[in-house]
Amino acid sequence: MDIKKLMSQMTIEEKIGQCVQLIPSFLDENQKCELTGPFHISNFDEKYIYNCGSLIGVSDAKSARELQAKYLERNRLKIPLIFMADVVHGSSTIFPTPLAISSSFNPENAKVCAKVSAKESAIQGNHLTFAPMSDLARDARWGRNMETSGEDPYLNTLFTKAYVEGFQGDDLKDEHTLASCVKHFAGYGLVQAGREYNTVDVSERFLREYHFPAYKAGIDAGASMVMTAFNTINSIPATANSWLFRDVLRDEMKFDGVVISDWGAVLEAINHQVAEDRYEAAVKAMNAGCDMEMMTSCYTSSLRLAIENGDVDMKCLDEAVYHILSLKDKLGLFENPYRFADEGLEKSVVMCDEFKEASRHVANECPVLLKNEDKILPLENDDFVLTGPFADSNDLLGPWSWKGDVSQVTTIADAFDKKVMKDINEVMSSSQETVVYVAGEKSDESGEAHSKVDISLPEIDVQNIIQLKESGKKVVLVLINGRPMTLSNVIDHCDALLVAWQLGTMAGNVIADILTGKVNPSGKLTMSFPRHVGQCPIFYNDYQTGRPASKAVDHYVSKYIDCENDALFGFGEGLNYSHITIDKIEFDSFELNDEMKVKVHLSNKGVTGTEVVQLYINDLSADVIRPLKELKAFERVMVQDSEIVEFTLTKEMMAYYNHKNECKYDKGKVEIMIGLSSNEVQTFTIEIK
Ligand code: GLC
């Protein structure tokens, strides 16, 4: 399609119309869709309805075809709509939440989830997904942790890249691909106090060091869209922040796709008190480089006047429209406005066994075993009691699973084909010694707009677990959770702890397979589990401070007087049913010139299993403070008897943003730490030459 030629035929209203996204009910009030934000559109100018650029949340192939056909009948230049939706960890076949998938330390799992999601969603009529979420998460109180790939920037870049590649494939004109939208630019995970939509106050250096790399990885992987964050950066709402979108995203990161606001974020400049009205909100957002406005009417009510007044340059509007029409062209919508929407295929492909198997395979690698006293797991037989609020619950899909069908979810009780003992007194008086207690969070206790100040288990579950232990039972706690939770009040009363997350459609089967040993757990935490919510935000890649707490010095040091500093369970932690150890670590040199090889020798005295060998660095003296540990490499390796994992270290891996915001490495000493968890490492010192 000759976009420039098409634009030369467009009126200013038609151009402005392309820059707004609506829900389907504006075209057909019988269309239902998931509202994912407050409804702020009143007296919307009807002339923009059949000039709008996009619809959000079209539900199925039939609706997609009907809406597109109705729109094209009425659109003068026959410019097709682009349909977008939140396909975050599955469309109808639900995969584990992204935080769970990151716990596999296997980016291939993200790619599989994205590929299956893209195929299902494209057949259901969708063209673009608002995923991956590449925000770095560090505060367990925040509801959207479940949507992230955890607290480490390196891991976050790898998973973001994998999701984008999985969604988009090699060519968006190819069968069953989805355009991908990296979000939320930028730094949304830093909301103060873990409170949703709260202010973010962060240095440019921290943004560049910890937050920008993942968004950049998504853009370098070819992401078609970037979504603005609700929060402020440098005291300016992201959606109105031209440093963020023009200087950084466009000029530095070379992003040439579409920028879309988050739901209502253009209008919210008024709430942020940086705009008096829709006119000023429209001017600030368009001048900042926000191409498309999601579900508010600042652009349609004000942009024409703003351009006539010279407050917005026509060039800005033309750039926005060019980005939007180019994306539609990339998707092949001008040739085929219906793309892959297919009602017949929808019935045969959506939720097919192949996709459920793919979800199960990914889920097998996500649960994290954090405690297993006297190897109580795997369960030797069926002689155990199954109880707890989630033992027979199908609420295992997690947030952002609006097309998932909970009736299709296998519960844990189903998977064991076992009756759940509900009455705690009956459990206590039962003859079985072992109790599997399944507790945690409902899907609507995390996700967007679900921050919490209390991230512990419900008191009834804590009391039940304590009573069971005191009555002489062996207690296996299975946690169903979206976010990290505080478990200090129960962990000493559990013989085993399996963090099972929200694993999606196949959750029950996977949990049963792990508890019985059919699957050997291999997950590792990618987000710290605090001892107490008062420690939040808490993360492994923290700094030493000028007064580090230590066993030797206990006063006038950086510590709490009522809680340890470290997490209850830390980044990279996770057990398995094997007995894998690191026996030897060999460096080919301790001086790093061009590159250095490190060999890690592993052996296994137990059943075959998978470990994640992790390599961290600590820059002992730098231009700015450096974290005590930074993950720079890892390898997931299956070990039957013995294996050797080899890492290659380069100077580039040691680079960081200095006080001038230049990304450089220093010469000098760096500690290299290698282990199977961030808090159990062997440390070596090398010299960067
Ligand atoms: C929501 C979320 C964003 C989502 C969008 C559309 O408010 O912040 O992640 O993609 O609205 O549903």
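Me: What makes strand 24 and strand 25 (residues 680-688) a pair?
Reply: Two strands pair if DSSP finds at least two bridges between them. Strand 24 and strand 25 have 9 bridges in the antiparallel sense, so by that rule they count as paired. Within this pairing, Met 673 stands opposite Thr 683. Strands here are DSSP runs (E, at least two residues) and helices are runs of H or I of at least four residues, both numbered from the N terminus.

Me: What kind of model is this?
Reply: The model is predicted, with local features needing pLDDT of at least 70 and side-chain atom pairs counting only at pLDDT 80 or more, while totals for chains, interfaces and linings use all residues. Residues are numbered from 1 along each chain as its sequence is written, and side-chain values use heavy atoms, with hydrogens and water left out.

Me: Which other strand pairs with strand 24, and in what sense?
Reply: Strand 19 (residues 609-619) pairs with strand 24 in the antiparallel sense over 6 bridges. There, Asn 618 stands opposite Glu 671.

Me: Why is strand 24 called largely enclosed?
Reply: Of its 10 residues (668-677), 8 are buried, so the rest of the structure largely encloses strand 24. Buried means under 20% relative accessible area, exposed means over 50%, and partly exposed lies in between (1.4 Å probe, protein chains only).

Me: How do you know that Asp 318 and Lys 15 form a salt bridge?
Reply: A salt bridge needs a side-chain nitrogen of Lys or Arg within 4 Å of a carboxyl oxygen of Asp or Glu. The closest N and O atoms of Asp 318 and Lys 15 are 2.8 Å apart, so the pair qualifies. The bridge links distant parts of the chain, with Asp 318 in helix 11 (residues 314-330) and Lys 15 in helix 2 (residues 12-18), 303 residues apart.

Me: Why is Lys 15 called buried, and why is Asp 318 called partly exposed?
Reply: Lys 15 has a relative accessible area of 9%, so it is buried. Asp 318 has 24% relative accessibility, so it counts as partly exposed.

Me: What makes Lys 597 and Glu 595 a salt bridge?
Reply: Their side chains meet at 3.5 Å, N to O, so the pair also qualifies. Lys 597 is partly exposed because its relative accessibility is 29%, and Glu 595 is partly exposed because its relative accessibility is 46%.

Me: How many salt bridges does the structure hold?
Reply: The structure holds 41 salt bridges. Among them is the one between Asp 139 and Arg 141, at 2.6 Å, N to O. Both of these residues are buried.
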